[in-house]
Amino acid sequence: MFFKGPRVTAFNWSCRCESVIGPTHIAKGMPNQDAIGSFITTDDRVAILAVADGHGSERCVKSDIGSKLAVSVAIKQLKETVSHLNDRIDFRCASKKDLRITSAIRSIKQEIPIEICRNWREQVDQHHRQDELSTAVDYLVYGTTLLAVAITSDFAILLQIGDGDILVVDSNQMVESPLKREELKIGDDTNSLCQRNAEKYFSVEFLRFATDADRPSAFLLTTDGFANAFKDRQSLYKSAVDFEGLLRSESGLETLDAHLRSWLQEYATFSGDDTTLGMLFPVSNDETVRVNHGESN
Amino acid sequence: MSNRPGGELAKRPLQFFWLCDTSGSMAGPKIQTLNYAMREALPAMKEEAAKNPGVSVQVRVITFDSDARWHIATPTDIESFTWTDLTERGQTAMGEAIDLLSEALDIKNMPERGLPPVAVLLSDGQPNGRVSFDAALERLVRLPWGAKLVRIAIAIGDDADLNVLQQFIGMDPRERPPLIAKNATDLVKLVKWASTVPLAAASRPSSRVVGSTATTHVDIPLPPPPTTGPINPGDVF
């Protein structure tokens with residue numbers, strides 16, 4: 001699933017992932033409820049990153065399993081979607097108003113949430129049957145959020161249900177959150193894969209990169225333990241700019257690899273929560289691509 | 001070590017409210033014990049808060065008698081919080097106290113990153129102020145932060161209206177009944193419990209799924225049982 005890349009041509013993708021357990025769950029004797037996973041094709045031209053945050057309440061006793069299943073389902077779904085899109089459309093030749101693209105985007109936004117919800121429930125059903133044969137499954141027990149990004153040289157698909165952030169840093173080091181934030185969220189309220197008709201609560205976005213300038217410089221996916229450490233959104237956005245700067249700098253990747261875990265532990269001290277960060281970023285053809293694979297916890 | 005990416009980190013605020021009945025019926029041993037209990041509970045409360053270094057516990061106090069007022073209006077960091085004695089007078093304007101609490105919990109006054117706030121209501125009687133208790137409580141629970149408020153109630157003595165206190169708590173009595181202090185020893189014990197256990201639980205909440213039937217995502221264990229054994233008659237309320 002995760003590869004060490006050869007010397008490659010321009011705009012290949014690399015990934016860094018890390019997750020730490022929060023003091024709250026250490027105190028409660030619970031495992032890390034977050035999960036993270038990534039997939040990059042052998043030619044490094046397609047990259048997928050997914051993170052999920054299990055709810056970890058008294059009722060959600062298997063939400064650490066739920067989050068792992070969500071990551072796995074999302075990666076599989078996005079692999080299929082990207083492959084299908086690339087088979088149908090040559091994005092380099094297609095015009096901006098190509099009806100196939102418009103139709104494909106509409107289809108993606110409708111179908112991906114439905115497929116992810118369906119597949120997640122099937123995985124949960126299967127896991128439940130392994131444990132308890134006779135009782136009906138309660139999906140809340142496995143409840144989790146989910147955030148995922150699939151990127152190629154030509155487009156990106158972003159999706160999210162529940163809390164957490166997908167931050168996009170553009171080529172001018174400006175930060176955006178392309179997906180609509182949950183307006184209802186105060187405190188620790190969240191939407192979840194376990195909700196009835198959960199597909200209605202997804203946000204899905206398609207970004208097309210018509211020129212090199214359109215292509216983001218980095219995507220950061222985080223669970224809410226990361227954002228909750230910061231004083232405000234501005235401080236959070238600064239982290240995206242700082243991480244992107246590090247990724248671009250000489251020896252930046254070495255610095256990142258040496259310190260990322262301890263930084264996340266510092267963030268977790270403030271949020272109290274499991275804290276997970278995944279980054280996707282382009283690498284040039286002169287760099288040996290070293291992929292840090294994202295392990296589900 | 002390289003500089004940590006990102007802007008300023010900050011503790012998550014947790015608003016803690018005491019709502020204290022200072023009506024005329026609280027005169028004598030009840031108000032004296034309440035003041036004593038609050039002072040006694042403070043070190044344990046500070047110790048509990050210190051266990052969660054990422055949480056900033058901020059305490060305020062509302063008193064209610066003929067009217068309701070802020071006894072300590074400014075959210076005060078628990079590290080620097082000291083108790084100022086209460087004195088009693090007049091009726092039991094509990095509805096007014098809840099309206100003051102609602103103002104504080106208005107979304108424009110609350111931090112977005114806040115942890116579930118906690119309110120502990122202590123009363124020895126029945127609400128009889130100008131503002132309807134039922135209406136005030138309805139207004140409180142309709143607020144986004146009011147719905148997340150962890151509500152605890154302590155009945156002081158035999159005349160407290162347990163139905164009203166259970167209403168305030170807003171949960172099944174089997175899960176979270178009002179705590180009952182019939183004597184000074186119990187009041188001290190329950191104030192200490194109320195100042196630490198809900199605080200610990202609210203400092204470590206889990207996510208709450210929108211639309212779930214769970215009434216709370218802050219799981220609080222049951223309080224200690226009442227004191228058994230001989231009680232000094234002078235300590236009985």
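This is a predicted model: local features need pLDDT of at least 70, side-chain atom pairs count only at pLDDT 80 or more; totals for chains, interfaces and linings use all residues.
Local features rest on pLDDT of at least 70 and side-chain atom pairs on pLDDT 80 or more, while totals for chains, interfaces and linings use all residues; side-chain values use heavy atoms, leaving out hydrogens and water. Residues are numbered from 1 along each chain as its sequence is written, and chains are lettered from A in the order in which they are written.

**View 1. The largest cavity has a volume of about 150 Å³.** Searching the whole structure turns up 3 cavities of 30 Å³ or more. Here a cavity is a set of points, on a 1 Å grid over the protein atoms alone, where a 1.4 Å probe fits but cannot get out, and lining residues have an atom within 4 Å of a point. Grid points are joined across faces, edges and corners, and the volume is the space filled by probe spheres set on them.

**View 2. The lining of the largest cavity comprises 19 residues.** Nearest its centre lie A:Asp188, A:Asp273, B:Arg12, B:Pro205 and B:Ser206. Two elements of chain A, α1 (23–28) and α6 (252–271), each give two or more residues to this lining. Helices (H or I, at least four residues) and strands (E, at least two) are DSSP runs, numbered from the N terminus. By class, the lining has 4 nonpolar, 11 polar and 4 charged residues; Ala, Val, Leu, Ile, Met, Phe, Trp, Tyr, Cys and Pro count as nonpolar, Asp, Glu, Lys and Arg as charged, and the others, Gly among them, as polar.

**View 3. The second largest cavity has a volume of about 60 Å³.** Look for B:Ile152, B:Glu175, B:Arg176, B:Pro177 and B:Leu179 in its lining, along with B:Trp193, B:Ile220, B:Pro221, B:Leu222 and B:Pro223. This lining has 8 nonpolar and 2 charged residues, but no polar ones.

**View 4. Chain B holds 6 helices and 7 strands.** From the N terminus on, its elements follow the order β-α-β-β-α-β-α-α-β-α-β-α-β. The C-alpha trace of chain B spans about 65 × 35 × 35 Å along its principal axes. Of its 237 residues, 56% are buried, that is, under 20% relative accessible area with a 1.4 Å probe and protein chains only.

**View 5. Chain A contains 6 helices and 11 strands.** Of the 297 residues in chain A, 56% are buried. Contacts are heavy atoms within 4.5 Å; among those in chain A between residues at least 6 apart in sequence, 74% join residues at least 24 apart.

Technical notes:
On a 1 Å grid over the protein atoms alone, a cavity is a set of points where a 1.4 Å probe fits but cannot get out, and a pocket is an open set with protein on both sides within 12 Å along at least five of seven lines; lining residues have an atom within 4 Å of a point. Buried means under 20% relative accessible area, exposed over 50%, partly exposed in between (1.4 Å probe, protein chains only).
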